[in-house]
Amino acid sequence: MTHVYLRRLKAGDTAALLDLRRRNRAFFEPFEPIRADRDYTPAGIRDMLDQDELHWKRGSGYGFGIFSRDADKLVGRVNLSNVVRGAWESCTVGYYMDEAEGGRGLMTEALGQAVDFAFGDAGLHRVQAAVMPRNLASIRVIEKNGFKYEGLAEYYLKIHGIWEHHRIYSLTREHLVRST
């Protein structure tokens, strides 16, 4: 039995997403770019959801809310971003989970569902993840989903105001065939 489900967020989810972001602001900050105060307002959340909708329409990204099945409550997000077609047919993946829900395998399950979407409905060939070496919980989530370590990208992303090294992982259709 699955404990979470993914669905596209809509305008009616603004309050729930705002609550999630505000309650977890300090928890998320060490792992994200510096965010403007506006990002923690209803208008900022609506802008984020509008951008998600635009990416869906263009096929350039697919953002999902992660909902717990038992409480039918928004507990996180997973995004397939930077979708490029043609010879690459790939995307990057990013995610976050409510601190209060951590350690129960929910993020691992949600990432698996997002990967299924990437290789299914989205028709992609590769999903890439970049994780800071100190983010051991995220590395476990990636590895439990079968992602393969490719190497270290130095000064890869500016996180919380600092250029951080990231471990690069990927999962391709070939990896899935070999693991079944």
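I take buried to mean under 20% relative accessible area. The model I am reading is predicted.

**Entry: R21 and helix α1**

I looked up R21 first. R21 has a relative accessible area of 2%, so I log this arginine as buried. R21 belongs to helix α1. What does R21 touch, leaving out residues up to four places away in sequence? I listed F28, E32, R35, Y40, I45 and Y96.

I then went through the rest of α1, which spans residues 14-23. Besides R21, I found T14, L17, L18 and L20 buried in this helix. I looked down the axis of α1 and found its buried residues within an arc of 160°, so they line one face of the helix. I also checked what these buried residues pack against: α2 (25-28), α3 (42-58), β3 and β4 (90-97).

**Entry: the sheet**

I traced the strand order next. I read an open sheet of seven strands, in the order β1-β2-β3-β4-β5-β7-β6, and the pairing is mixed. Which strands are at the edges? I noted β1 (4-7) and β6 (148-159), each of which pairs on one side only. Ignoring direction, I have neighbouring strands of this sheet turned by 30° against each other on average.

Strand β5 covers residues 126-131, and three bridges join β4 to β5. These two strands run parallel. For T92 I wrote down Q128, in β5, as the bridge partner.

I also checked helix α5 (residues 136-144), which packs on the sheet. I found α5 touching β4, β5 and β7 (162-172), and its direction makes about 15° with that of β7.

**Entry: N79**

I moved to N79, which I placed in strand β3 (residues 73-84). Is N79 buried or exposed? N79 has 19% relative accessibility and the cut-off for buried is under 20%, so I count N79 as buried.

For contacts of N79, leaving out residues up to four places away in sequence, I listed Y62, G63, F64, T92, V93 and G94. I also noted a polar contact at 3.0 Å between the side chains of N79 and R77. For a distance to G65, 14 residues apart from N79 along the chain, I have 8.7 Å between the C-alpha atoms.

**Entry: aromatic rings**

I turned to the aromatic pairs and noted a count of nine. For W56 and Y62, I have ring centres 4.9 Å apart and planes at 85°, so I logged the pair as edge-to-face. W56 counts as buried at 17% relative accessibility. Y62 is buried too, with a relative accessible area of 8%.

What kind of pair do Y62 and F117 form? I have them as edge-to-face, with 5.2 Å centre to centre and 65° between the planes. This pair links distant parts of the chain, as Y62 and F117 are 55 residues apart. I placed Y62 in strand β2 (residues 62-68) and F117 in helix α4 (residues 106-119). Both Y62 and F117 are buried.

Finally, I followed the ring pairs onward and found that they link W56, Y62, F64 and F117 into a cluster. Going back to my N79 entry, I see that Y62 and F64 are among the residues N79 touches.

How values were computed: Residues numbered from 1 in each chain as written. Predicted model: local features only at pLDDT ≥ 70, side-chain atom pairs only at ≥ 80, totals over all residues. Heavy atoms only, no water. Helix = DSSP H or I, 4+ residues; strand = E, 2+ residues; numbered from the N terminus. Buried < 20%, exposed > 50% of the residue type's maximum accessible area, 1.4 Å probe, protein only. Contact = heavy atoms within 4.5 Å. Polar contact = N/O pair within 3.5 Å; in protein donor to acceptor, adjacent residues only side chain to side chain. Arc of directions from axis to C-beta. Pairing = 2+ DSSP bridges. Axes fitted to C-alpha atoms, helices over the stretch in contact; angles between N-to-C directions. Phe/Tyr/Trp six-rings, centres within 6.5 Å; stacked < 30°, edge-to-face > 60°.
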